[in-house]
Amino acid sequence: MSTEETLVLKLKNKATQAQAFEVLVNTYKERLYWHIRRIVLNHDDADDVLQNTFIKVYRSIEGFKGESKLYSWMYRIATNEALTFLKQKSKKSGISNEELQETMIENLHSDVYFEGEEIQLKLQKALATLPEKQKLVFNMKYFQEMKYEEISEVLETSVGGLKASYHLAVKKIESYLTDAD
Amino acid sequence: MNQDHKNKFKTPEGYFESFNERLFARLETEEGEPNTDFLPQKDGFGIPEHYFDTVYPSVQSQLEKRAPKVISFNRYRTFYYAAAAVAVLLVLTLGWNWNNSPDLNFEDLASTDIEAYFENNEVGLSSYEIAETVNLEDISITDFTEKSLQEESILEYLDEHVEDVEDLDLNYEELEY
């Protein structure tokens, strides 16, 4: 039995659940945090979404059948939580998703937890022009250095499709950065 | 050294044996990964000091805060009995048939009202959760195929939800004729 399967069994057992959950959070918190942060951009929002993700995982683990890997299931929940968070935020503010993206990037200028320079800001602007899926694939491949096979499990897309998305994303970013200069 | 006896051209030793390997290596380089030299190595995002140490305690405290509260039924049992007795007495005294207004059912709600409710209220359910909640056993594929959708509705949906033509996942080969 793999380590992951053992962890899932412990999470489903009331007697070992608390200790297993601590192991789960400590194992995945950093990876999930960076995944979420690159979607919502702001640290406080990323922290909220990360907590919601773990709470959803804790409450839904009973229904986890092990048909996919635990980490890909958690990544899916995190992605879903982050995108839902942004949708709710734009709805509450009465603005479109595009307008929200612009505001989020604008806010990076005064964000104490953004240490990027002009090139990083330009990159965020370029990323905002991409369709959601291309943006996700780019961040997962380039910054999180995930393998196509791993991304494929999370986004439930073929490896070939992902390669095409990544190529397109890189080309579009390059063209945006070149035009912006 | 390989030699073509007709043309007298020569190739290096093992050239054809290693040709496939070299071809695939080049394809891998040219088509495998796009050039990303122009991209910054880091995205510039930072975090507060020792942030990751605080994650588990915060999640734990959130779980405790959001745990559904269990209210002991026994504590209020006497009040429930008393309230039920009063209700029965009132019904018997005032008669049953005092309310002639028709009962309202779920079917009486206009679909626009339901849509407006979901639109204006934060139901707190993501599409993922709704998909988990809906019982698929009561739904068959014919529910979707037999009901014809207005072309206008389809176009409106695509306009609102599809950001890129790639999202449609069209198989262009099948469309060629």
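1. Cavities. In this predicted model, the count comes to 1 cavity of 30 Å³ or more, a cavity being a set of points on a 1 Å grid over the protein atoms alone where a 1.4 Å probe fits but cannot get out.

2. Lining. Among the residues that line the largest cavity are Arg38(A), Gln101(A), Met104(A), Lys135(A) and Asn139(A); lining residues have an atom within 4 Å of a point. Helix 2, helix 5, helix 6 and helix 7 of chain A each supply at least two lining residues, helices being DSSP runs (H or I, at least four residues) numbered from the N terminus.

3. Interface. Contact (heavy atoms within 4.5 Å) takes in 57 residues from chain A and 39 residues from chain B. Between them the chains bury about 4,300 Å², 60% of it on carbon and sulfur atoms; this is the accessible area (1.4 Å probe) lost on being put together, summed over both. Gln51(A), Ile55(A) and Tyr142(A) supply 12% of the area that chain A buries against chain B, more than any other three residues.

4. Salt bridge. The interface holds 1 salt bridge, defined as a side-chain nitrogen of Lys or Arg within 4 Å of a carboxyl oxygen of Asp or Glu. Arg38(A) and Asp43(B) form this pair (2.5 Å, N to O).

5. Basis. Local features need pLDDT of at least 70, side-chain atom pairs count only at pLDDT 80 or more, and totals for chains, interfaces and linings use all residues. Residues are numbered from 1 along each chain as its sequence is written, chains are lettered from A and ligands numbered from 1 in the order written, and side-chain values use heavy atoms, without hydrogens and water.

Technical notes
Buried area is the accessible area (1.4 Å probe) that two parts lose on being put together, summed over both. On a 1 Å grid over the protein atoms alone, a cavity is a set of points where a 1.4 Å probe fits but cannot get out, and a pocket is an open set with protein on both sides within 12 Å along at least five of seven lines; lining residues have an atom within 4 Å of a point. Grid points are joined across faces, edges and corners, and a volume is the space filled by probe spheres set on the points.
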